[in-house]
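Me: I have a structure open and would like to go through its architecture with you. Could you take my questions one at a time?

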Amino acid sequence: MNKGTHFIGQPMYGQLLNLLNKQKVLRFSRENGGERYVKHFDAWQHLVIMLYAVIKRFDSLREITDLMFPEARKLAHLGISLMPRRSTLSDANARRKECVFEAVYRDLYATYRDELSSDSRRRQVPRWLNRLQIIDSTTITLFSNLIFKGVGRHPKTGKKKGGIKVHANIHANEGVPSDIRFTSAATNDSFMLRPSNYTSGDIVALDRAYIDYAKFEELTRREVIYVTKMKRNLVYETESDVMYMNPEGLMEYRVQHVIFRKQVKDGEDIEHLARIITYADIKKGKAKLVSLLTNDMEMEVEDIVAIYRKRWEIELLFKQLKQNFPLRYFYGESANAIKIQIWVTLIANLLLMVMQRRIRRSWSFSNLATMFRIMLMYYVNCYTFFEEPEKDWAKILENLESKPPEPTLFPDFVT
């Protein structure tokens, strides 16, 4: 029986799980008390089932437990010795600490970060790209304001919007978070900017919500460059102001050297030197003036603008996570269960990103994630299939063309 050129004796999900280390997962769980009083449903089985649910985009515990039974035989080959009930999975999400899954993610990032940053398809990348880090946050809406402190107010009911805020730091050439923190939606973003996390030569792109003169001055002392967007109400003294015009007589960009001063009650007053770059951002034929703030005094204006535009890489990451994984519905109502689901989503995203890097053929992440979701339990070699998905079909057509005609009792009527 012809099983196709891409046939392999392991489902595609098993090939994805090969990127994980089972012994490490269990060790992280034991170190964080995740295996205490556990008889059957250990951290490895918990992770495998949650990964399966996240990739398949299940919306509830009932979907997870019911739709796993048709794949029970294949899942058993992957080390799932127990098909958990809803209560078992619910208890595990509530009791096993989310730091177990955090440890798994951080270990995976450390293992594959070099592979994620080395993409041979990139050509002529700017010199500053490998030094660029981006920080930002996104809010995931929750059903209740009681779990995490909400933010804002509903225009009709007057109730606050419950939510968990995910703060992320990414390296621009990697595309996955290198650092993650969870807070309530009401927490200000600025706490995520920690100058001690950066070393000399690093570049940090961030939104205006992170503006803090004290931290900016510390970044300058550490020889770390930052690029952010100006706030309208900032007060400063101007040392120089130069406007550059294009041949048509219109402003191309404006460069100001400024000093920010802030009085501090306990400690020295802050005096921070910076540069404001204003340029015309043209979109759909309309020009909008944008002012950027940086502590770099020498880099070309075009590079500063390009660095800030690169900040949108993290927005694309948040969009990628929300569009391709189930973050609208959660499998538990506790803070621990919600964090576990987000950590597992980040793990799934990282594993698929590693697969995307290993495949030479160009696939968008969305298309790759969709194909994985559909073919997750197919016995297909994911690497050869994604390189040449049309190979089996071409082989079938070739066999049909080379096959001799079928015998007939009425040869005279054959055209």
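Me: Let us begin with H11. How many of the 24 residues of H11 are buried?
Reply: This is a predicted model. In it, 22 of the 24 residues of H11 are buried, so the helix is largely enclosed by the rest of the structure.

Me: Which residues have the most contacts inside the largest nonpolar core?
Reply: They are Tyr13, Leu51, Ile342 and Phe372, in a core of 103 residues. Helix H11, residues 335–358, supplies the largest share of this core, with 14 residues. As general background, nonpolar side chains tend to be buried together in soluble globular proteins.

Me: Which residues is Tyr13 in contact with, leaving aside neighbours within four places in sequence?
Reply: Tyr13 is in contact with Val48, Leu51, Tyr52 and Ile55, with Leu75 and Leu78, and also with Leu376 and Met377. Another core lies apart from the largest one; it has 21 residues, including Tyr213, Phe216, Leu219 and Ile276.

Me: Changing topic to helix packing: at what angle do the axes of H2 and H3 cross?
Reply: The axes of H2 (residues 22–31) and H3 (residues 43–56) cross at roughly 115° and come within 8 Å. That makes H2 roughly perpendicular to H3, since the class runs from 65 to 115 degrees.

Me: Which residues make that contact?
Reply: H2 contributes Lys22, Val25, Leu26 and Ser29, while H3 contributes Ala43, Trp44 and Leu47. By class, this contact has 5 nonpolar residues, 1 polar and 1 charged.

Me: Next, Val125. Where is its place?
Reply: Val125 is in the loop between helix H7 (98–117) and strand S1 (132–141). With a relative accessible area of 40%, Val125 is partly exposed.

Me: What distance separates the C-alpha atoms of Val125 and Asn173?
Reply: They are separated by 9.6 Å, although Val125 and Asn173 are 48 residues apart along the chain.

Me: Finally, the whole protein. How many helices and strands does it have?
Reply: The protein has 14 helices and 9 strands. Of its 415 residues, 47% count as buried.

Me: Among contacts between residues at least 6 apart in sequence, what share joins residues at least 24 apart?
Reply: The share is 63% of those contacts in the protein.

Note on methods
Residues are numbered from 1 along each chain as its sequence is written. This is a predicted model: local features need pLDDT of at least 70, side-chain atom pairs count only at pLDDT 80 or more; totals for chains, interfaces and linings use all residues. Side-chain values use heavy atoms; hydrogens and water are left out. A nonpolar core is a set of buried Ala, Val, Leu, Ile, Met, Phe, Trp, Tyr and Cys residues joined through side-chain atoms within 4.5 Å. Buried means under 20% relative accessible area, exposed over 50%, partly exposed in between (1.4 Å probe, protein chains only). Helices (H or I, at least four residues) and strands (E, at least two) are DSSP runs, numbered from the N terminus. Contact means heavy atoms within 4.5 Å. Axes are lines fitted to C-alpha atoms, for helices over the stretch in contact, and angles run from 0 to 180 degrees between N-to-C directions. Angles under 35 degrees count as roughly parallel, over 145 as roughly antiparallel, 65 to 115 as roughly perpendicular and the rest as oblique. Ala, Val, Leu, Ile, Met, Phe, Trp, Tyr, Cys and Pro count as nonpolar, Asp, Glu, Lys and Arg as charged, and the others, Gly among them, as polar.
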